[in-house]
Amino acid sequence: MKYIEEYRNPEISKKIASEIKNISKKEIRLMEVCGTHTTSIFKNGIRSVLPDKITLISGPGCPVCVTPVNEINAFIELANIKDVIIATFGDLIRVPGSKSSLQKAAAAGKNIQVVSSPIDAVNLAAENRNKKVIFLGVGFETTAPAIAGSIIFAKDAGVKNYFVYSAHKTVPPALFALMDDKNANINGFILPGHVSMAIGACAYLPFFKHYQIPSVIAGFEPVDILNAILMLVKQIETNSPELQNAYKRAVSYEGNKKAREMIAKVFCKTDAKWRGIGIIKNSGLKIRNRFVGFDAEKEFDIKITDKIKEPKGCSCGQILKGIMSPPECPLYKKICNPINPVGPCMVSSEGTCSAYFKYFD
Ligand code: SF4
């Protein structure tokens, strides 16, 4: 297929859905790892055309959702420092910390600015040399290259009042953690399209070799997703697991060399805490020593305590592992909704609870 319309064609979708129905025999649970897939699955009514035997579960692929509450608290603490401007992407400001949120901090007079790219944050710093601008680096391998680029750009341009708090996470180590969870009940993975564009299909090889679980990289249109599900069902029904790429028009085997080089130049691996999952070895990115002058963690004395609990009653941790679905959370719709979110899964546009709220009922 050549044009995007073909990937949205209802007749092609119906044909694939019917093929899935014809070959589907086993009860299976497939996890879409990426939050953009979650939203697309709801928006396009993918569940409604699948046989009851196939359950789609959402995973930890929303970067805002997996940012733990102690990091949210650290962001708010940074906002309280005199002469600091916090620059961030929009979703993050509404995520509740233990006692406040960036949105509440802004309402209390703290300088918090929503930007559409990290370069905008560097420009903000260049325009406000008497302030310190801290960009909150929350994201996966998709956003890390642009944030790495902003640090290089700031260094080259001599913008010394620009800092990044790196709370990045990387996807392949999280797949290991999901499979190692004794409650995991996953028969196959729909792997993320955007992240895979950066890291390439080859990045999943160690994971696939270790677990031999059906895994397919998918695009975001309905035909892309149904195709990936068909490929997974075929693998599962024939007991022949494979790592397949159903998004070849965007994802290569090696990924985006330039993006990978940018990440490697500015960041190195570190252990990272994921909301609901805990510490995952080598799943974070910290700023390399050669760029230490841009590292907000080093520049500002922020205490990040690990002992902070999740919001009372919030089941985001279980949701992010695919163990629960939002309607099973006792707070869903009763107390927690997009106007009054209790956990990040209800805040982010890619959050599972927010997608359920918007499309499901
Ligand atoms: Fe957390 Fe709200 Fe989702 Fe429940 S419905 S898991 S409280 S975000």
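**Exercise 1. Is Cys 34 buried or exposed, and how far is its sulfur from the closest cysteine sulfur?**

Step 1. Start with accessibility: Cys 34 has a relative accessible area of 9%, so it is buried. Here buried means under 20% relative accessible area, exposed over 50%, and partly exposed in between, with a 1.4 Å probe and protein chains only.

Step 2. Now look for a partner. A disulfide is a pair of cysteine sulfur atoms within 2.5 Å.

Before going on, keep in mind that this is a predicted model, where local features need pLDDT of at least 70, side-chain atom pairs count only at pLDDT 80 or more, and totals for chains, interfaces and linings use all residues. Residues are numbered from 1 along each chain as its sequence is written, and side-chain values use heavy atoms, leaving out hydrogens and water.

**Exercise 2. Find which cysteines form a disulfide, and describe the link.**

Step 1. Searching the whole structure turns up one disulfide.

Step 2. Its partners are Cys 62 and Cys 65, with sulfur atoms 2.3 Å apart.

Step 3. Check the handedness: the link of Cys 62 and Cys 65 is right-handed, with 70 degrees about the S-S bond.

Step 4. Finish with the surroundings. Cys 62 is buried at 2% relative accessible area, and Cys 65 is buried too, at 1%.

**Exercise 3. Work out which residues lie nearest the centre of each cavity, and what classes line it.**

Step 1. Count first: there are two cavities of 30 Å³ or more. On a 1 Å grid over the protein atoms alone, a cavity is a set of points where a 1.4 Å probe fits but cannot get out, and lining residues have an atom within 4 Å of a point. A volume is the space filled by probe spheres set on the points.

Step 2. Take the largest cavity, of about 80 Å³. Among its 13 lining residues, Cys 314, Cys 316, Cys 329, Cys 336 and Cys 353 lie nearest the centre. The lining has 11 nonpolar, two polar and no charged residues.

Step 3. Turn to the second largest cavity, of about 40 Å³. It also has 13 lining residues, with Gly 59, Gly 61, Cys 62, Glu 350 and Thr 352 nearest its centre. By class, this lining has five nonpolar, seven polar and one charged. Ala, Val, Leu, Ile, Met, Phe, Trp, Tyr, Cys and Pro count as nonpolar, Asp, Glu, Lys and Arg as charged, and the others, Gly among them, as polar.

Definitions and conventions
1 Å grid on protein atoms, 1.4 Å probe; cavity = no way out; pocket = protein on both sides within 12 Å on 5 of 7 lines; lining within 4 Å.
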